[in-house]
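Let us take a friendly walk through a protein model together. We will begin at a pocket, move along a helix, and then look at how charged side chains pair up.

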Amino acid sequence: MRLLVFPYGQDCEPVIRHAGLLDDGYEVTALVSPVGWGKAGKKVMVGAGKGVLPVHESFEEVTEEFDSLLIPPFEARIEAVENRLVDKMLLLIPHISHILCTARLTEANRKKLKEACRCSSQSCEFVDFCEDKGLEEYGLAAPMEKNPPLKSVDVPVVIVAGVWEKTDKFEISLSLRERFLQDGYRVSQVGSRDGCEMMGFHSFPSFMLQKDLDGTVKIPCFNQWIQQIIRQEQPDVVLITIPGALQNFNEQFTRGFGLLPHEVFQAVMPDALVMCNIFMSEDEKVLDEISMSCKYKFDVPVDAFHISNLIVDASKSEELMHIVTNSIYRETVSKAVARGSTHSSIPVFNGLDAKECDKMYEIIIEKLT
């Protein structure tokens with residue numbers, strides 16, 4: 001499938017930068033970003049040396065050939081914004097054969113796209129990677145006993161987690177995947193997003209997000225699911241990326257209280273832990289404190305930190321009653337990382353830099369060896 005990606009934005013960038021990991025049946029050929037997102041007019045590297053694509057601001061500008069639409073994850077705080085974007089997608093349906101949806105759209109918009117595809121004279125197929133599945137669809141059953149035992153995982157496990165959301169967890173995991181595969185390792189991977197199947201690995205299981213399923217059921221089921229994957233794929237290493245934040249930001253912004261990471265760490269004990277964090281200007285010793293917290297909470301210390309270019313505007317967040325974030329220049333991050341490496345007892349990296357990520361990977365290999 002020759003994919004037109006819309007709406008192209010920041011959340012989609014990791015997949016485009018690592019497009020070489022996409023299965024052979026997919027090729028990214030065109031990018032369209034809505035007006036006002038700050039992406040239109042730029043040129044983007046697709047994969048490692050795979051080529052460069054311009055970012056268009058409308059479908060009319062697209063000159064590249066495509067036959068399918070990829071809807072990546074995007075953030076629309078107002079439902080009306082999502083509605084407008086979906087209305088634009090509807091215009092493409094007569095000209096394409098597939099819609100691949102990896103975005104969590106509202107139920108109304110999902111139905112609108114499905115119905116339009118069904119009625120299309122070109123027989124356009126709607127592929128929903130975000131469709132929730134129950135335990136049975138993962139080949140699992142809720143444990144009958146009250147406190148079921150867990151089975152230890154006999155394959156090395158690497159976990160990528162984040163102190164906060166949007167701290168490049170997914171991209172760091174893709175970079176590590178590339179390096180494991182380049183060195184000839186068989187990798188079983190669980191991503192933190194929907195649609196990871198397009199890149200040859202598993203999306204984070206939706207049963208872990210079910211509100212009506214108790215944590216005492218989720219934990220043994222996740223353990224069973226990982227064991228099932230290992231039996232089927234016979235990997236050399238298991239790479240798991242955990243969605244969400246490791247802890248609440250403060251009493252006002254709780255962000256799930258870190259319950260999801262807690263459940264994953266209870267289900268599977270990692271042999272190596274990479275922690276992604278927001279950019280902080282204060283004393284880098286706080287990283288040692290985060291590692292110490294992980295050691296006592298989850299029985300595993302942090303082996304390497306990645307520092308993102310995300311900063312939280314605390315005062316603005318309190319004023320607007322929702323988290324407000326900003327981005328800083330990557331060069332600023334790199335300088336802070338170089339300084340922080342001398343203060344923190346744990347290696348600190350800007351993992352989006354290829355050489356820095358190589359060093360991170362070497363630390364993991366050494367630990368696993």
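Helix H6 gives the most to the lining of the second largest pocket, supplying four residues. Before going further, please note that this is a predicted model, in which local features need pLDDT of at least 70, side-chain atom pairs count only at pLDDT 80 or more, and totals for chains, interfaces and linings use all residues. Residues are numbered from 1 along each chain as its sequence is written, and side-chain values use heavy atoms, with hydrogens and water left out.

What is meant by a pocket? On a 1 Å grid over the protein atoms alone, a pocket is an open set of points where a 1.4 Å probe fits, with protein on both sides within 12 Å along at least five of seven lines; lining residues have an atom within 4 Å of a point. The second largest pocket has a volume of about 360 Å³, a volume being the space filled by probe spheres set on the points, which are joined across faces, edges and corners. Among its 17 lining residues, Met208, Leu209, Gly256, Leu259 and Leu260 are the closest to the centre. Helix H5 (215–233) and helix H6 (259–267) each supply at least two residues of this lining. By type, the lining has eight nonpolar, four polar and five charged residues. Here Ala, Val, Leu, Ile, Met, Phe, Trp, Tyr, Cys and Pro count as nonpolar, Asp, Glu, Lys and Arg as charged, and the others, Gly among them, as polar.

Now step back to the whole protein, which has 10 helices and 15 strands. These are DSSP runs, numbered from the N terminus: helices are H or I with at least four residues, and strands are E with at least two. The radius of gyration is 21 Å, close to the 21 Å from the globule rule for 369 residues, so the protein is as compact as a globular protein of that length. That radius is taken over C-alpha atoms, and the rule is 2.2 Å times the number of residues to the power 0.38. Of the 369 residues, 51% count as buried, where buried means under 20% relative accessible area, exposed over 50%, and partly exposed in between (1.4 Å probe, protein chains only).

Next, find helix H4. Of its 14 residues, 12 are buried, so H4 is largely enclosed by the rest of the structure. Phe170, Glu171 and Ile172 are among the buried ones. Just after H4, Gly184 takes a positive phi of about 85°.

Finally, look for charged partners. Side chains of opposite charge can pair when their charged atoms come close. The structure holds 18 salt bridges, each being a side-chain nitrogen of Lys or Arg within 4 Å of a carboxyl oxygen of Asp or Glu. One of them joins Glu13 and Lys39, whose closest N and O atoms are 2.4 Å apart. Glu13 lies in helix H1 and Lys39 in the loop between strands S2 and S3, so this pair ties together parts that are 26 residues apart in sequence. Glu13 is buried at 14% relative accessibility, and Lys39 is buried at 16%. Glu13, Arg17, Lys39 and Glu171 are linked in a network of salt bridges.

Arg330 and Asp168 also meet in a salt bridge, 3.6 Å from N to O. Arg330 sits in helix H9 and Asp168 in the loop between strand S8 and helix H4, 162 residues apart.
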